[in-house]
Amino acid sequence: MAILSPRMKGWLERFGCHIGTANKSGFPTTIVVEQATTEGDSVVSFNLTDAQVNHIKDNIQTNPYVALAPHAIASIRAAYQFKGAATLDGNKLKVDVKEIYCTKPGPEAALRLDTLPPEHVIKFEESRWRDVGPPK
Amino acid sequence: MKLTDEMRNILKVGSGNSAVTYLTTSSSDGVCNVHLQPYTDVYQDEFIFAPDLFAQKTKININENRFAVLTVAHPPEGQMWAFRGPCNIIQWGHPPKFSFHGVVAGEVLDKWGDWGTLEPYDSVDDDIKPKSVGQRGVFVLKVEEVYSCKASESGSKIL
Amino acid sequence: MKMNDEMLSSLKAIGQGGFVVHLTTVSAKAVPNTVGERFVAAFGDEHIVIADMFAQKTKVNLNENPVGIITVAHPVKGRYWAFRGPCTIIMWGEDDDYDFHGVKAGDVLREWGDWAAKEPPSEVPPDIRPPALCQRGVITLKVDDIYSWKPDELGKEIN
């Protein structure tokens, strides 16, 4: 199970995500949700509009594995990517994150973080960004 | 499909309004990857170009499934666009005559193969600026549809 | 583990009198990937370096499971060696002082960060020579154990 760091949670909750989905044969559809909540160590939830539900529900039913990338200024300051299994319950999309990647341009691009101990992730974040707390 | 002036303005290199974008690709069995892409340009009004600087899974995905969606990561009001269509990477080493939907590798690499000559890479804060870049090629997305990713109308067709 | 003199003197690019090797890495879900590598060298007596020219799945694997095996692809003189140990890619942009099992990133990049300039692949026939090379870093393996892959002595420890 992946463990979201406090920094990740702060940016996810404040700015939401671009959510990449695909059908079983790999045809992609991306939606954008501008706010999220986190639950426990690994769950990110989004409240979708009816239009967003209709846009991706077939993909989620047939292929629930999705990718999340932080929205807006978080795309620059919080270069992470999260992947996990999504469930759609009414208008609530819940993603149980299984994989976490650093996507900061440079030598750390695509470094997998969920396979590191949580305390190493915190140290990594402190070494890579000036801001380690929630977004201001 | 031709992009509108407003779209071209935020995707074109050196426009002054250029946007950070995300490129979503998928493996052949449906595992998505969303790749941060700060640099884009528009070619012949219907292709979006971007440099391959740090792509990994994006490239693996495109090598097995040539489709992508490009979304604006930090869109101003009214620019919640998603551009979707066939996508490939034209790489250094491709034969100059290699063509992807009419886009010819030699021409692409001549102009866009060293993106740093088109725009500086250092327009971001020091702690998020890459210290070194090595461009291996150029992503080419042929825009075949544009849909809205605005919450209230997600998926509605724009072009 | 220290490599012996025969290994140290023969771990080099084929044009320098060495041999092609295969590098095997494994995803976090235990899917292996094995690729041929021409640009190889010993770095000190406990590390082997390989140019990151075209790595894709190798890099994804090392980013989630930093271990590798280097096997001699075309053995002569009984060199059925397999070198195994922690493995990473030291990318351009890494801090000079970053230490990977006893080697500094700056030292590795300064010596092997532009391999094509140092040892151009001039011996490779034109039909299989890559037309363009773009190196992003140096794959670095710390040798922890060495075994034989010769069928009748497979797994036998060497050294």
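Predicted model: local features only at pLDDT ≥ 70, side-chain atom pairs only at ≥ 80, totals over all residues.
View 1. Local features need pLDDT of at least 70 and side-chain atom pairs count only at pLDDT 80 or more, while totals for chains, interfaces and linings use all residues. Residues are numbered from 1 along each chain as its sequence is written, and chains are lettered from A in the order in which they are written.

**View 2. The elements of chain A.** Chain A has four helices and eight strands, in the order α-β-β-β-β-α-β-α-β-β-β-α. These are DSSP runs numbered from the N terminus: H or I of at least four residues for helices, E of at least two for strands. The C-alpha trace spans about 40 × 30 × 25 Å along its principal axes.

**View 3. Where chain A meets chain B.** Here 40 residues from chain A and 38 residues from chain B take part; a contact means C-beta atoms, placed from the backbone, within 7 Å. On the chain A side, the elements giving two or more residues include β1 (17–22), α2 (50–62) and β5 (65–70). β2(A) gives the most, with six residues. By class, this side has 19 nonpolar, 17 polar and four charged residues. Nonpolar covers Ala, Val, Leu, Ile, Met, Phe, Trp, Tyr, Cys and Pro; charged covers Asp, Glu, Lys and Arg; the others, Gly among them, are polar.

**View 4. Where chain B meets chain C.** In this view, 12 residues of chain B touch 12 residues of chain C. The chain B side has three nonpolar, five polar and four charged residues.

Note on methods. Contact = placed C-beta atoms within 7 Å.
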